[in-house]
Amino acid sequence: MSLIEINVMRSRVRGLRTIIYMVSDLDIRKTIVDIAFKCGESAHIGGSLSMVELLNVLFGEVLKHRPVEPEWPDRDLFILSKGHAVLGYLAVLHLYGYFDADKLATFQADGSDLIAHPVKKLQLGIESSNGSLGQGLSFGLGLALGMELKNEDRRVYVMLGDGECNEGSVWETAALAAERGTNRLCAIVDENHFRNDGAVTTYANKIKLAGIWRAFGWNVIEIDGHDREQICGAFAAARAYEEGPTAIVASTVKGRGIDFMEANNDWHHNRITSNVYKDCLRALGLETVDG
Amino acid sequence: MVEISKRNARTWSRMGIRAIYGQALAGYAAENPNVIAVSADLGRSSGLDRFSKEYPNQFINTGIAEQNMVGVAAGLARSGFDVFASTFAPFASMRASEQVRMNMGYMGEPVKLVALGSGFAMGLLGNSHYGLEDLAVMRAIPGLTIVSPADCAEIYKTLEACIGHRKPVYIRLTGGVNCPIVYEEDYDFQLGKAVWIKPAADITLVSAGTTVGHCRSAADALAGEGFTIGVLNMHTIKPLDKEALAHAAAVSCTLIVVEEHMRTGGLGSAVLEFFAEVGAPRCRIVTYGIPDRYGETGTYPYMLKTSGLDADGIARLIKRETANA
């Protein structure tokens with residue numbers, strides 16, 4: 001049993017309100033690679049690896065949540081709008097104690113509820129079904145408005161991709177959230193600079209992604225999405241900003257942490273074979289069985 | 001619930017379907033702070049003007065952004081509110097259809113999506129604003145209940161039934177001002193349970209929305225010529241009231257489905273799908289709706305007349321079909 005699993009068990013036994021154990025970014029990356037390898041199918045790896053630090057800070061330090069009580073009414077809500085990055089999300093949910101390794105091992109198995117895009121299942125900590133890009137922010141805004149109407153001290157965090165920001169519906173929501181000054185809503189844009197077919201050329205030259213969010217009236221914080229200190233600072237600043245919604249535009253590297261996957265869009269959606277798996281472990285600095 | 005009376009029914013009919021939607025919703029919002037109206041900038045076109053002024057905290061205008069309207073409505077609905085989101089039928093059902101699919105279908109968020117001015121009700125605004133295919137699209141999405149109220153009284157009944165109902169509903173409003181009056185006194189309304197306006201007979205008309213009133217007028221007009229015609233208000237198009245349909249098929253020789261929708265994918269298709277499963281050995285089934293093309297446009301009465309969907313047209317249809325039988 002890993003240290004993490006022991007800690008999860010401890011927190012379950014004690015019914016602790018807060019997460020007392022640390023999940024490392026390496027744990028998450030290792031888990032992503034493990035699930036991708038074990039499922040034996042192609043999976044979205046690059047966009048999962050790019051958001052590891054963002055999710056780890058969010059779940060470890062920012063979100064008010066109780067993995068042992070996933071439907072706790074006072075919890076903050078997280079929506080993975082870039083739903084194809086579900087591997088990273090499931091790895092985090094597992095490591096933070098929402099479900100065990102046996103459940104995780106059903107990823108992309110026939111009939112499993114853990115598939116290539118999130119399927120709403122509150123008992124597992126999955127708040128929303130996603131996969132159709134450009135919809136999560138809108139749902140998130142509705143949730144945030146609901147919290148506002150009920151005067152609840154809760155917040156909604158929505159993770160989007162930069163490629164996803166091609167969807168016009170994102171900007172319908174961006175405009176309304178700014179107009180209404182919805183400060184319970186925080187968008188995290190994992191700007192990893194790639195989409196399915198290659199580079200996100202849309203925001204590479206004349207228009208910049210952060211600039212659009214700013215033009216839409218959002219409080220924009222630009223950070224290095226792999227720098228823990230900057231990420232923590234951004235979330236704190238988002239929380240402190242009361243006039244409206246905040247967009248954390250995080251520059252990241254797609255495939256981060258595994259050298260041959262970094263900025264290599266072949267790993268947007270691909271299969272990890274046993275040879276590749278060994279290479280992944282080496283790249284992560286973890287020893288493989290055969291040395 | 002307000003009183004359904006002859007007097008009220010006349011007043012409501014004069015005000016028209018959309019104005020009554022707004023008035024009814026405002027009435028329910030006054031007594032229930034959980035009721036929220038969301039509009040994609042069509043508050044004034046759906047009688048929600050007063051609502052937005054009197055209950056600003058219960059009203060959200062998303063701007064001209066129907067996809068966002070549905071997503072936001074879903075988030076609010078998840079938060080426990082009774083959310084009624086409205087815009088014109090093609091924008092609700094088609095511009096935002098994938099949002100409906102993900103939020104209301106896949107996730108089952110209990111949004112009440114209100115399609116204004118469906119069928120030909122938008123008159124001179126033309127085909128861009130008509131709701132001719134909305135049922136086909138919405139019917140294909142699992143988990144949705146689809147309701148089309150027959151008159152203003154039934155709008156009150158529908159909204160009342162939807163408040164506290166934690167499932168997604170598509171509410172299709174046809175008809176305009178001076179819409180046909182079907183109900184002048186209180187009656188029992190339940191989602192999924194059709195209402196017999198005239199008992200099943202040799203010929204039975206099955207319809208939904210304001211076409212029900214035209215069907216009744218046609219049946220009344222033909223009564224003097226010796227016809228006995230049943231009229232079934234299938235206000236809930238999904239799920240169909242199968243018992244009522246089975247009864248109609250057992251009693252009638254000819255069952256005619258009349259609808260203000262393309263013949264493809266609407267109530268007629270739903271009825272045919274049902275009978276394809278269970279059979280209707282002694283009953284001929286006819287479906288009548290809008291032919292498969294975008295035709296000329298005009299005022300609402302003109303459109304109903306030229307499509308044969310007013311009382312006169314339906315009477316002619318009945319004669320034609322019984323002559324064929």
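Predicted model: local features only at pLDDT ≥ 70, side-chain atom pairs only at ≥ 80, totals over all residues.

Student: Which element gives the largest share of the side of chain A that touches chain B?

Tutor: Two residues are in contact if their C-beta atoms, placed from the backbone, lie within 7 Å. The contact takes 20 residues from chain A and 22 residues from chain B. On the side of chain A, helix 7 (136-149) and helix 8 (168-180) give two or more residues; helices (H or I, at least four residues) and strands (E, at least two) are DSSP runs, numbered from the N terminus. The largest share, ten residues, comes from helix 7 of chain A.

Student: How many residues of helix 6 of chain B are buried?

Tutor: A residue is buried if 20 or more other C-beta atoms lie within 10 Å of its own, exposed if 12 or fewer, and partly exposed in between, with C-beta atoms placed from the backbone. Among the buried residues of helix 6 of chain B are B:Val100 and B:Met102, and the buried residues pack against helix 7 of chain A as well as elements of chain B, including helix 4 (66-78). Helix 6 (residues 97-106) of chain B is mostly covered, and its buried residues number eight of ten.

Student: How far apart do the C-alpha centres of domain 1 and domain 2 of chain B lie?

Tutor: The domain assignment, automatic or from a database, gives domain 1 (6-172) and domain 2 (195-324) in chain B. Their C-alpha centres lie at a separation of 25 Å.

Student: Which strands are the edge strands of the five-stranded open sheet of chain B?

Tutor: Two strands pair if DSSP finds at least two bridges between them. The sheet is mixed and has the order 7-9-8-11-12. Three bridges join strand 7 to strand 9 (residues 229-233) of chain B, and these two run antiparallel. Pairing on one side only marks the edge strands, strand 7 (195-198) and strand 12 (284-290) of chain B.

Student: In strand 9 of chain B, which residue is the bridge partner of B:Lys198?

Tutor: Strand 9 of chain B is joined to strand 7 of chain B by three bridges. The partner of B:Lys198 in strand 9 is B:Val231.

Methods
Residues numbered from 1 in each chain as written. Chains lettered and ligands numbered in written order.
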